[in-house]
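I set out these entries to record what I looked up, beginning with the contact of the chains and then turning to the domains. The headings mark the topic of each entry.

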Protein chains: 2
Amino acid sequence: MFNSVQETLPREEIEKIQIAGLRKTLKYLKNSNSCLKEKYKHIEPEDIKSLDDLKLLPFTTKDELRDCYPFKHIACDISDCARMHMSSGTTGVPVINAMTRGDIAQWGEIMARCLSCAGLTEKDRIQIMPSFGLFNGGFGFHYGAERLGCFIVPAGAGRSLMQLKLIKELEVTAIGAIASYPARLIEVARESGFDFRETKLRVAILGAETWSDEYRKRIEEEMNVKTFDIIGLTETGGVGLGIDCPARAGIHIWEDHYIVEIIDSETGQPLPEGKEGEMVITTLTREGLPLIRYRTRDISSILSYEKCECGRTHVRVSRIRGRTDDMLKVKGVNFYPSQVEQILLKYKGLSPYYQLVIETVKGKDEMTIIVEKADNGITQKELEHLDLELYDFLGFHSKIQVVPEGTIQRVPGKAVRIVDKRKKI
Amino acid sequence: MFNSVQETLPREEIEKIQIAGLRKTLKYLKNSNSCLKEKYKHIEPEDIKSLDDLKLLPFTTKDELRDCYPFKHIACDISDCARMHMSSGTTGVPVINAMTRGDIAQWGEIMARCLSCAGLTEKDRIQIMPSFGLFNGGFGFHYGAERLGCFIVPAGAGRSLMQLKLIKELEVTAIGAIASYPARLIEVARESGFDFRETKLRVAILGAETWSDEYRKRIEEEMNVKTFDIIGLTETGGVGLGIDCPARAGIHIWEDHYIVEIIDSETGQPLPEGKEGEMVITTLTREGLPLIRYRTRDISSILSYEKCECGRTHVRVSRIRGRTDDMLKVKGVNFYPSQVEQILLKYKGLSPYYQLVIETVKGKDEMTIIVEKADNGITQKELEHLDLELYDFLGFHSKIQVVPEGTIQRVPGKAVRIVDKRKKI
């Protein structure tokens with residue numbers, strides 16, 4: 001473990017740290033430059049007596065942060081900040097997270113814990129494949145690997161042939177990437193006769209998208225690696241909020257830096273262990289953008305507060321199933337694209353590239369699932385079985401359209417899974 | 001100044017540091033993992049009595065480093081290295097520079113000096129536009145700005161509209177970029193009605209390509225900034241080897257970290273002050289890739305060892321005119337593309353985009369200069385005058401082809417100025 005003292009704290013200690021951190025963050029926020037401080041005008045930090053009091057505090061939403069563009073939500077002076085990262089802005093005005101030197105040290109610490117949790121040490125050579133820039137992915141891995149002392153191959157996004165060449169020739173042992181990218185690496189490896197078994201690669205740390213267990217299985221088999229699911233978002237300080245461990249018993253959230261709650265999206269009420277809902281994050285140590293009860297829109301559940309097999313005591317949550325905003329509602333049925341992926345990828349004859357196209361036909365929703373053949377293709381019998389399985393899950397019939405491998409566009413960055421042509425009301 | 005003690009050392013002190021550094025580097029290299037150490041088998045570091053003895057040491061060439069791909073030229077163990085950067089490999093096998101933590105600190109130090117020399121302080125907001133990745137540009141600015149304490153907007157390459165938006169909305173005061181990129185920014189600014197005078201931008205630090213004084217004048221006028229020419233190469237540890245100062249009296253090379261010589265490319269003999277030739281660099285403090293007399297292939301000259309108006313005592317060299325490998329020989333005449341650029345850009349009716357196309361017609365060299373019209377275009381009279389000026393400089397007639405603005409492809413990264421269609425023998 002990178003920080004065995006903090007990562008194995010007893011639950012009572014964690015809670016003490018969290019209450020103190022929450023009070024400190026509230027106090028700091030109330031006296032800060034952030035325009036959000038008005039929300040806490042009538043709240044006294046010392047009135048927080050237990051973690052249960054957290055639920056008395058108001059939520060913070062993405063829309064509130066957007067209204068603060070560019071810097072009105074930043075708690076300190078920008079001249080006290082060292083850098084910034086920014087959400088993509090694809091769903092609206094982007095959100096900027098301006099970071100102090102303390103924030104960067106905190107980011108390095110939690111990312112170093114994540115890399116170490118994935119089995120990396122200072123002996124490892126890590127190839128960083130998310131882009132370095134306004135997106136936080138590349139720099140998150142960068143700061144973590146610098147802190148842990150790995151050798152960094154700063155490849156950035158794209159140029160798959162070059163990526164493979166470097167993995168092999170530089171004897172790279174680990175990669176960090178956007179979850180959908182290994183599918184492209186595998187594809188290019190096949191086309192060019194590249195064999196992952198002739199490399200020293202053993203670990204792939206993947207995040208920034210939801211990815212199914214079936215996809216995971218496939219990546220692990222084909223790349224001959226162990227994968228780790230890393231989570232995080234620009235608003236909470238970037239990638240590194242949590243990661244799953246070798247015990248593969250859920251994603252540990254670093255609780256000395258964050259409080260995690262799962263709430264009912266509709267009512268806002270906290271949900272008990274095991275219940276699926278929206279993940280809400282409170283930061284305990286962030287300085288540029290401290291957040292109280294930030295609604296991440298990611299869907300997860302608390303798995304356990306018990307000590308994990310891996311020895312870590314920090315809470316485990318389930319892998320993220322989707323985001324409230326990518327939940328689809330078709331013919332009245334709610335589901336996440338990752339649930340469809342989980343079914344599709346059981347079929348070896350299908351590639352990991354797919355798209356769900358939804359349109360209105362004669363006033364009704366219709367969904368076409370475009371799937372790509374992999375090497376040997378899918379038989380008529382398998383196709384019929386897939387149709388059955390999908391119907392069993394969705395409760396309605398969707399069209400399955402099989403296209404040749406390579407048809408769906410390979411994009412750098414996050415994959416485009418959904419094409420929703422329905423008119424928005 | 002970022003490091004006023006080191007940057008203003010008296011000449012005798014600089015020389016003492018250089019002799020000690022040279023001996024130390026030689027000793028270190030002789031006992032290192034580098035396969036290049038064989039070159040120094042018969043050389044005793046203590047035999048170096050003065051800087052004049054430098055000329056007794058053998059040169060190091062890019063081809064030698066290429067033969068060492070990936071790591072045979074690295075002096076320490078890769079597990080003692082923190083990261084690497086790599087030359088583009090467009091002209092052959094790439095060269096990797098693996099860097100220790102000490103090297104990164106050294107890089108941060110010299111880049112912080114460069115940023116400070118360009119007038120930046122910890123109050124500045126710098127938008128970093130070279131790409132972050134294997135190319136060293138983005139990370140060089142990153143480490144320097146971290147060290148100096150600026151606020152970093154890590155934009156990376158491309159997305160010109162977004163770049164402009166961020167400059168304005170985030171009140172950016174300085175940019176770092178590949179030298180040809182501001183031409184694109186200016187173009188997009190015009191198309192979108194963006195006015196640099198409504199921003200807080202005042203400094204542009206440009207490098208990685210040769211750029212003429214006429215281009216410089218144009219950027220400064222149109223962007224309302226002061227520009228600074230920064231140099232460096234992957235092999236010597238990346239961008240930051242030197243920069244010109246507000247006195248604009250040449251490029252200071254940080255002599256407590258590097259020894260610079262100018263040699264005759266043909267004979268290998270050192271040239272005196274004022275004579276133009278190939279720049280040769282010896283590193284004094286690098287650990288991953290220490291270099292003795294590395295032939296950079298960049299063309300420059302020693303301007304002065306005297307103290308500069310700006311107060312710095314470190315040697316000044318002329319701005320780089322080109323590289324030995326981009327010197328053109330057409331109809332028996334040797335010249336650099338930047339010399340043609342210098343003539344073209346005197347004409348306001350031409351854009352900063354141009355290409356020199358050289359081909360063999362009936363067994364003879366022919367050169368066509370493709371130039372792009374800017375706003376108001378170029379008159380027939382001006383064109384005739386340009387023709388005269390070019391003939392005056394080149395001594396042969398070239399065809400001038402005027403094309404509409406936007407014809408020449410805008411590429412991310414370094415500009416493509418030369419299209420040489422002649423058959424190589």
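**Entry 1. Contact of the chains**

I count a contact where heavy atoms lie within 4.5 Å. On that rule, 36 residues of chain B meet 35 residues of chain A. I note that this is a predicted model, in which local features need pLDDT of at least 70 and side-chain atom pairs count only at pLDDT 80 or more, while totals for chains, interfaces and linings use all residues. Residues are numbered from 1 along each chain as its sequence is written, chains are lettered from A and ligands numbered from 1 in the order in which they are written, and side-chain values use heavy atoms, with hydrogens and water left out.

I then looked up the buried area (the accessible area, with a 1.4 Å probe, that two parts lose on being put together, summed over both). Chain B and chain A bury about 3000 Å² between them, and carbon and sulfur atoms carry 62% of it. L134(B), F151(B) and P154(B) account for 19% of the area that chain B buries against chain A, more than any other three residues.

**Entry 2. Polar terms and make-up of the chain interface**

I searched for salt bridges, defined as a side-chain nitrogen of Lys or Arg within 4 Å of a carboxyl oxygen of Asp or Glu. Between chain B and chain A I record 14 residue pairs in polar contact, both at pLDDT 80 or more.

By class (Ala, Val, Leu, Ile, Met, Phe, Trp, Tyr, Cys and Pro nonpolar; Asp, Glu, Lys and Arg charged; the others, Gly among them, polar), the side of chain B that touches chain A holds 25 nonpolar, four polar and seven charged residues.

**Entry 3. Symmetry**

How is chain B superposed on chain A? I superposed the copies by least squares on the C-alpha atoms of residues with pLDDT of at least 70 in both. A rotation of 180° with 0.0 Å of shift along its axis does so, at an RMSD of 0.0 Å. That is the relation of a two-fold axis. In chain B, the C-alpha of F132(B) is nearest the axis, 2.8 Å from it. Of the interface residues of chain B, 97% are also interface residues in chain A, so the copies meet through the same surface.

**Entry 4. Domains of chain A**

With bounds from an automatic or database domain assignment, chain A divides into domain 1 (1-325) and domain 2 (327-420). Their centres, taken over C-alpha atoms, are 29 Å apart. I find 23 residues of domain 1 in contact with 23 residues of domain 2. The two domains bury about 1900 Å² between them, 47% of it from carbon and sulfur atoms. On the domain 1 side, E214(A), R218(A) and R321(A) lose the most area to domain 2, together 32% of what that side buries.

Which salt bridge joins K348(A) to another side chain? Its partner is E221(A), at 3.8 Å from N to O. The domains share two salt bridges and twelve residue pairs in polar contact, both at pLDDT 80 or more. The side of domain 1 that touches domain 2 has seven nonpolar, five polar and eleven charged residues.

Definitions and conventions
Polar contact = N/O pair within 3.5 Å; in protein donor to acceptor, adjacent residues only side chain to side chain.
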